Amino acid sequence: MRANGRLRTTVPSSTIRNLGILAHVDAGKTTLTERVLFATGTIHKRGEVHTGTTVTDYDPQERDRGITIFAAAVSCTWDGHRVNLIDTPGHVDFSDEVERSLRVLDGAVAVFDAVAGVEPQSETVWRQADRHGVPRIAFVNKLDRAGADLDTAVRSLRDRLGAVPLVVQLPIGREDSFTGVVDLVAMRALHWPAGADTVVPGPVPEALREEAGRRRRLLEETVAELHAGALEEFCADNALGDATLSRALRELTLSGDGVVVLCGSAYRNRGIEPLLDAVVAYLPAPSDMPPVRGTADGAEQERAPDPSEPFTALAFKVTATATGRLTYLRVYAGTLRKGATVLDAATGRTERVGRILRVQADRHEEREEAVAGDIVAVVGLKAARAGTTLCAPGAPLLLEPPSVAEPVVSVAVEARGNADTGRLASALARLAEEDPSLVVRSDPETGQTVLSGLGELHLEVAVEKIRRGHGVEVVVGRPQVSYRETVVRGVTGLVHRHVKQDGGAGQFAHVVLDVEPLEGTAFEFRSTVVGGRVPQEYARAVEAGCRDALAEGPLGGFPVTGLRVTLTDGSTHSKDSSEMAFRAAGRFGLREALRLSTVELLEPVAEVTVSVPEEAVGGVLGDLAARRGRVRGSTAEAGTAVVTAVVPLAELFGYASGLRGRTRGRGVFTSRPAGLAPVPASVAAALPAG
């Protein structure tokens, strides 16, 4: 129906699918998304990544670079279901966009290259999905490429990801002759004739009947091992019916005990329709998801995915467009109507929603309302940020926000002309608002403005966005990595007394601290004081002071991580003790403890995978060693060597151009964060203070 000229369509949440497309860079995510939009009739002409005409890569930088940089949301319909898709970046520098998207998605399609199988960033996004408990199906893409092999790709899923693949298709033809698949559930063939845009079903080819029967039997046996209901039927009938098999595949997908695997070639438009059928059949609807959990008045509460529940939504993305500031929301419960007032559950501030939009990348369709399960963008919110919980004013509920990765690379930025200084500050503030993984700060020693992000490319894109989007010419310094300091051996029983008397009320705080190393966590504080010698509110002030002290370590003034502080004892003064005094005691006490502890410097490192011709592998290994890299392994196949190494991030600046020169343009590499590692003393001595 229409209301005031605008579409008003509310569909049952059981017919909604919210999913992301996840993959390593160049595995074909954006092309797959484009073909999905074409197959569903959402667009009538297929765009291509190499020509910069795809719907989701609409930003000029994405079209120039040929990669996805920003997560883009689109919506389409298939078989009576609305499919909300988010095409996520595949480059490691933009993994925070993936993290925010996974926080609000119900399912995902993981795309793999049929030649390369599981690649480094494939593994990274898979682990991210594991942390969020997002059910997945796998699509092995590019089966038309030379060297493509479904079985090898599936083996890499099992070996590298620890997944249990449930392969439901058999390719018809290999490489250039790939023309279709055998559906092992319905036991039929699906062909895509050359030049045709639609699938043609038919019987299984005679030459493949025996192999299809063998693979169907293997699929049934694997499912029966994992699913109790299927096992019962398998034992009784020595086979599984199609309905039982489909039901078991869905339940195994939802539980994460198995991963349905399909295949095709997105570029040649082969395999898209059965993939959409699998999305509808196997991935969850919002109504299949458990109630969302949050806190209200300090107590945990749940809210069901029901339009009649109080409105609850999470903002996961903010962008500035020509039509205004867009805030992307996942509605978990209730109904949001245009003009409604919503509450920021963290700040208590209310704002009015001006417009509700169904998003198609950079195009928008206005709606009157959004209900539980919807992903929409709204106009009119001025203070909401990524991670903000929005809810009905009379029913506050605070949801857990998406985690934000810590920056690892920094550059100094300044406007080329003094007249642009104010515009640069405004542009940087807007960037940090849109991308929480970008951090802007002022260096207290030099007075320079420092922009920090997740990698060299991340910062390049941010600076270019300032130039193009805000018209500010920027001078950029040399990239610097973000070092950290950590405790190797701590101290116990450090006594610190903070006493200050300037006339009138004084300050008194006495604390006794233990400091020890802590693996896997940046900082932990606990109090073991008994007998009320340090009241709870003063203990919290000590913790706040300790957090203040973590900003600068004793070695070079870098932030401190990986330690536990225990408040073991202390005392107060009846008149002069206060939270301010105990916060100061915590700050100065921990600084003193760190000076007495054994502390070492840490630097971010990356796992690098380098693919080069075999004749160039010697020079590449020597170059990695010169960059302080530690080689973990090397394999060779068909004239190509693949070297895996862990290299300090500081040594990777400019590596791409050096590798191209060393291999005459034939070498490529990928990297992903591998945590922090100790800095050798000889290198640490030459570093400037943080």
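This is a predicted model: local features need pLDDT of at least 70, side-chain atom pairs count only at pLDDT 80 or more; totals for chains, interfaces and linings use all residues.

Residues are numbered from 1 along each chain as its sequence is written, and side-chain values use heavy atoms, with hydrogens and water left out.

**Salt bridges across the chain**

- You'll find 51 salt bridges in the structure (a salt bridge is a side-chain nitrogen of Lys or Arg within 4 Å of a carboxyl oxygen of Asp or Glu).
- One of them pairs Asp288 with Arg250, with 2.5 Å between the closest N and O atoms.
- Asp288 sits in the loop between α9 (272–282) and β14 (292–296), while Arg250 belongs to helix α8 (residues 242–255), so this pair ties together parts that are 38 residues apart in sequence. (Helices, H or I with at least four residues, and strands, E with at least two, are DSSP runs numbered from the N terminus.)
- Asp288 counts as partly exposed because its relative accessibility is 37% (buried means under 20% relative accessible area, exposed over 50%, and partly exposed in between, using a 1.4 Å probe and protein chains only).
- Another salt bridge joins the side chains of Glu433 and Arg325, at 2.6 Å from N to O.
- Glu433 is in helix α10 (residues 421–434) and Arg325 in strand β17 (residues 324–333), so here the parts tied together are 108 residues apart in sequence.
- Both Glu433 and Arg325 are buried.

**A pair that's part of a network**

- Arg632 and Glu607 make a salt bridge too, and their closest N and O atoms are 3.2 Å apart.
- Arg632 is in strand β39 (residues 630–637) and Glu607 in strand β38 (residues 598–613), so to speak distant parts of the chain, 25 residues apart.
- Is Arg632 buried or exposed? With 57% relative accessibility, Arg632 counts as exposed, whereas Glu607 has 12% and counts as buried.
- Through shared partners, salt bridges join Glu123, Arg127, Asp130, Arg136, Arg160, Glu607, Arg632 and Arg672 into one network.

**Positive phi without glycine**

- Asp79 isn't a glycine, yet its phi is positive, at about 55°.
- Look for Asp79 in the loop between β4 (72–78) and β5 (81–87), where it counts as exposed because its relative accessibility is 60%.
- Met187 also has a positive phi, near 50°, and is a residue other than glycine.
- Met187 is in the loop between β10 (180–183) and β11 (188–191), and at 32% relative accessibility Met187 counts as partly exposed.
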